[in-house]
Amino acid sequence: MKNICKWIGLLSIAVTFILPIVFFIDRISLDAMKQGMLISTLVWFGTSLFWIGGKVSNKPDGDPIL
Amino acid sequence: MSQKSDTIDESPVLEEFESTPVPERARKGAKAFWGMYAGEHAAGTEFMIGPLFLLAGVSLHNIFFGLLLGNFLAVLSWRFICAPIATKARLTLYCHLEKIAGNRLVKIYNLANGVLFCFLAGAMITVSATAVGIPFNLEMPAFDAIYPNSASFVMIVLAVGVVISAVAGFGYNAVSRFANIAAPWMVLVFLGCGIVALKQLGVDSWAGLEAIWTESISFAQDGEVKTSMGFLDVVLFAWFCNAAMHVGMSDLSVFRYAKKASSGWATAGGMYVGHYMAWIAAALMLAAQIKLTQSAVPVPGPMAFNVVGIAGIICVVVAGWTTANPTIYRAGLAFQAMLPGTSRLSMTLLAGAIATVAAIFPAFAFQLLDFVGLFGTILAPMGAVIFADWYLSKRIGVTPFHAEASGCGVSKSVLLAWLIPVAVSLYFIFAQGVTTWYFVFPAWFACGVLFLVFSRMRGAPQSSVKKGEV
């Protein structure tokens with residue numbers, strides 16, 4: 001399940017990257033691009049929850065105040 | 001989002017090694033820092049800063065090359081000023097400064113941090129509110145507006161501010177995790193916004209882009225094309241907009257986890273993704289908006305909606321939310337340090353309330369360039385104290401970590417060295433109207449020199465406290 005979500009998520013993020021380029025080269029309309037961006041966004045957030053950051057890691061990005 | 005307040009205390013980030021050097025087992029390779037910086041600097045404020053360059057009449061050449069150079073200087077500052085000390089001392093800025101300046105002075109500095117963080121978070125709340133307001137056909141405030149333009153704007157800002165503040169208070173960890181998930185997606189949406197805006201501008205050459213850029217400036221400035229930011233201004237702004245983090249040493253707290261000082265190069269990920277690509281993309285979005293809708297109001301929500309639709313609205317909300325969250329949380333911790341006995345939750349909510357009130361006034365978001373310069377001018381000079389104490393104090397016969405050695409709560413040498421250049425800078429900024437980012441480096445340099453002079457005048461004997469043995 002986790003692997004499937006990971007691959008679907010990576011595919012959606014790739015689509016997020018590709019759609020504006022496809023629009024740039026006149027292969028799709030602005031509306032289609034916007035719809036595609038929304039769908040890929042929803043898929044990304046829907047699937048990444050299952051495989052990114054299962055627990056709060058000890059990463060060095062949140063020192064309190066200073 | 002309904003976690004108890006003690007969830008905050010469970011975060012290992014907040015609990016580990018706050019007052020001790022980071023041990024070897026907890027150290028990270030450079031890879032961890034590349035991703036972190038790239039994600040952290042693709043924030044809600046980037047949506048504001050890029051368009052403000054256009055409105056300031058900055059030429060396209062100066063944007064592309066000025067940002068290239070300024071961001072490189074910022075990366076060098078992280079790599080050669082902040083990271084080397086961080087990877088030797090391995091302390092937070094708070095701990096390091098406390099040993100030099102004394103615990104009470106650090107609290108005062110911390111409070112200044114907290115107040116400025118509140119206003120920064122306020123700008124992020126305003127940015128998010130502009131996106132939330134789109135479905136409600138919210139009329140956006142004008143660029144020169146100081147006060148809110150309608151009751152509905154105030155209501156939406158209040159609603160967004162309350163939600164962000166509550167989440168910062170109760171669900172810090174959840175939002176931290178959400179920010180990790182959103183970061184790669186946000187970077188790509190920023191890039192997509194730029195590509196689509198470029199297409200909407202209908203240009204196929206650099207000359208064409210320059211022409212339409214100049215037209216956009218002319219439209220925004222009612223027929224004139226005058227600039228208030230030249231090449232040097234752009235370089236200095238890009239270099240010092242995060243001055244508090246690099247020359248100001250705030251990121252000692254980050255790089256104390258790095259195995260090597262060379263991890264400082266990872267900040268290039270943040271600078272060239274967030275402060276180069278994202279700023280330019282956001283600036284192009286405003287140019288496209290001017291062309292398509294004849295509106296030069298740099299409101300992020302509608303700009304992003306014009307280019308990538310609802311995904312753009314989500315991006316603006318998420319970018320503002322995920323960056324306002326830790327900012328409010330950190331401001332709350334600063335207030336808590338000043339008021340012993342208060343809870344983290346109540347102080348986080350207080351910070352959120354201040355940020356929300358600030359967000360009601362759009363001037364904080366629209367004057368973000370000046371505010372960011374002011375932020376660096378006030379906070380960054382303390383980094384010079386750390387730099388001078390670490391590298392130069394012994395050479396001139398001054399006790400390193402003097403406050404720790406003497407047990408004083410307020411080091412007058414540090415206090416005066418900080419206040420004098422900051423006060424002079426603030427006089428020129430507010431009384432003479434000089435641009436804020438001109439003062440960051442002079443104030444930093446003067447603070448370091450004054451600290452050494454005052455420390456030498458104090459004439460304390462050499463202490464047995466040695467650098468690195470902390």
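Predicted model: local features only at pLDDT ≥ 70, side-chain atom pairs only at ≥ 80, totals over all residues.
**Chain A.** I began with chain A, where I counted 2 helices and 0 strands. Of its 66 residues, 35% count as buried. I then looked up contacts in chain A between residues at least 6 apart in sequence, and 71% of these join residues at least 24 apart.

**Nonpolar core.** I next turned to the largest nonpolar core, which holds 196 residues, and noted that B:M186, B:A197, B:M285, B:A304 and B:V385 touch the most other members. Helix α9 of chain B, residues 172-201, gives the most to this core, with 19 residues. For B:A197 I listed the contacts, leaving aside neighbours within four places in sequence, and found B:A281, B:L284, B:M285, B:A287, B:A288 and B:V307.

**Helices α19 and α21 of chain B.** Finally I looked at helix α19 (residues 381-391) and helix α21 (residues 412-430) of chain B, whose axes come within 9 Å and cross at roughly 140°. An angle over 145 degrees would count as roughly antiparallel, and α19(B) and α21(B) are therefore oblique to each other. I recorded the crossing of α19(B) past α21(B) as right-handed. On the α19(B) side the contact is made by B:P381, B:M382 and B:V385, and on the α21(B) side by B:V414, B:A417, B:W418, B:P421 and B:V422. Sorting the residues of this contact by type, I have 8 nonpolar, no polar and no charged. I also noted that B:V385, part of this helix contact, is one of the residues touching the most other members of the largest nonpolar core.

Note on methods
Residues numbered from 1 in each chain as written. Chains lettered and ligands numbered in written order. Axes fitted to C-alpha atoms, helices over the stretch in contact; angles between N-to-C directions. Helix = DSSP H or I, 4+ residues; strand = E, 2+ residues; numbered from the N terminus. Parallel < 35°, antiparallel > 145°, perpendicular 65-115°, else oblique. Left-handed = near helix turned anticlockwise from the far one by under 90°. Contact = placed C-beta atoms within 7 Å. Nonpolar A, V, L, I, M, F, W, Y, C, P; charged D, E, K, R; others polar. Buried ≥ 20, exposed ≤ 12 C-beta atoms within 10 Å, placed from the backbone. Core = buried A, V, L, I, M, F, W, Y, C linked by C-beta atoms within 7 Å.
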